[in-house]
Amino acid sequence: MLNYSIYPLEMILEDYDDFVPEYEEVNFSNGLTLLVERSGKDERKIAKIISSDPQDYLRPELQPGSILKSVFYY
Amino acid sequence: MDSNQFYFLAQGNKEKEMPETAKTIESIRQLGESSPPTEAKNDIHILPIIGQIEGHMVLPPKNKTTKYEHIIPQLVAIEENPNIKGLLIILNTVGGDIEAGLAISEMISSMNTPTVSLVLGGGHSIGVPIAVATDYSFIASTASMTIHPIRLTGLVIGVPQTYDYLDKMQDRIIKFVSTHSRISEEKFRELMFRTGELVRDVGTVLIGKEAVELGLVDEVGGLNAALAKLRSLVRSREEVKQ
């Protein structure tokens, strides 16, 4: 990685070794997959949208950082 | 429990609102179709570019980052969405990954949708090409832009190839900035390697009107000026269409 920043690289990458996020992929709907990060027992935080429909990236409820809750289906 | 069965609940929503959301998902499941693309409520969209520009590496969470894998498809969506007439890019960045920054800059500069950028606190390093990539650029009178050479940290093997490589990477930035703003290649290079301005480093800090005087940014202004310019660009674009 070539960084061009006013912050030194050692400051940006501080604690880099301790940072190991756990990601998993969730099939959200047809053609839309979400890469989520475990943020709690029944909670996942959206890390990334994987879709070929550009409009999916503008959906407010799917913005990265939003929380998904898992529920049972009845 | 099937881990693939999720429904979304926006942060801050109350628990009792859950069944309503679940119903929506149920219809998605039955019809195999998701809701239609969000209709733009406002015909002007904003894209804040804040903190570090994150590229091929996920940065530790204490960094505030703008991730290129989100920005790039969003730019495509904005370009493709007929309801979005203009895009305002707000910059307050300390720089970041060169490839990611240049990718975002190239995307913005090749958009048909009118774009205006506004540098607020700072648009440093790789923030400079992003700021100049738009149709028109503004800088707040107190905002600053730092122009400095690309540095390598850690062990650098001092062979001529290393220097050539960095020089090539720098050329990419210099070429982009000089073709998308009024500043010349020579002048930008001179600013990048100027001594005596930065503490313990070479380079230049430009504050507000200095960036305008050098031709890097088009105008000093704030939000109202940026929005007014964007509206006028949108209007003239629509007149051309008619």
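**Exercise 1.** How many aromatic pairs does the rule give over all chains?

*Solution.* The structure is a predicted model, in which local features need pLDDT of at least 70, side-chain atom pairs count only at pLDDT 80 or more, and totals for chains, interfaces and linings use all residues; side-chain values use heavy atoms, without hydrogens and water. Residues are numbered from 1 along each chain as its sequence is written, and chains are lettered from A and ligands numbered from 1 in the order in which they are written.

Step 1. Rings of Phe, Tyr and Trp (its six-membered ring) pair if their centres lie within 6.5 Å; planes under 30 degrees apart count as stacked, over 60 as edge-to-face and the rest as tilted.

Step 2. Over all chains, the count comes to one aromatic pair. B:Tyr136 and B:Phe138 form this tilted pair, with 5.3 Å centre to centre and 55° between the planes.

**Exercise 2.** Determine whether B:Phe138 is buried or exposed.

*Solution.* Buried means under 20% relative accessible area, exposed over 50%, and partly exposed in between (1.4 Å probe, protein chains only). B:Phe138 has a relative accessible area of 1%, so this residue is buried.

**Exercise 3.** Classify the accessibility of B:Val202 and identify its contacts.

*Solution.* Step 1. The relative accessible area of B:Val202 is 24%, and therefore B:Val202 is partly exposed.

Step 2. Contact means heavy atoms within 4.5 Å. Leaving aside neighbours within four places in sequence, B:Val202 is in contact with B:His148, B:Pro149, B:Met192, B:Phe193, B:Arg194 and B:Thr195.

Step 3. B:Val202 and B:Pro149 are 53 residues apart in sequence and 7.3 Å apart in space, C-alpha to C-alpha.
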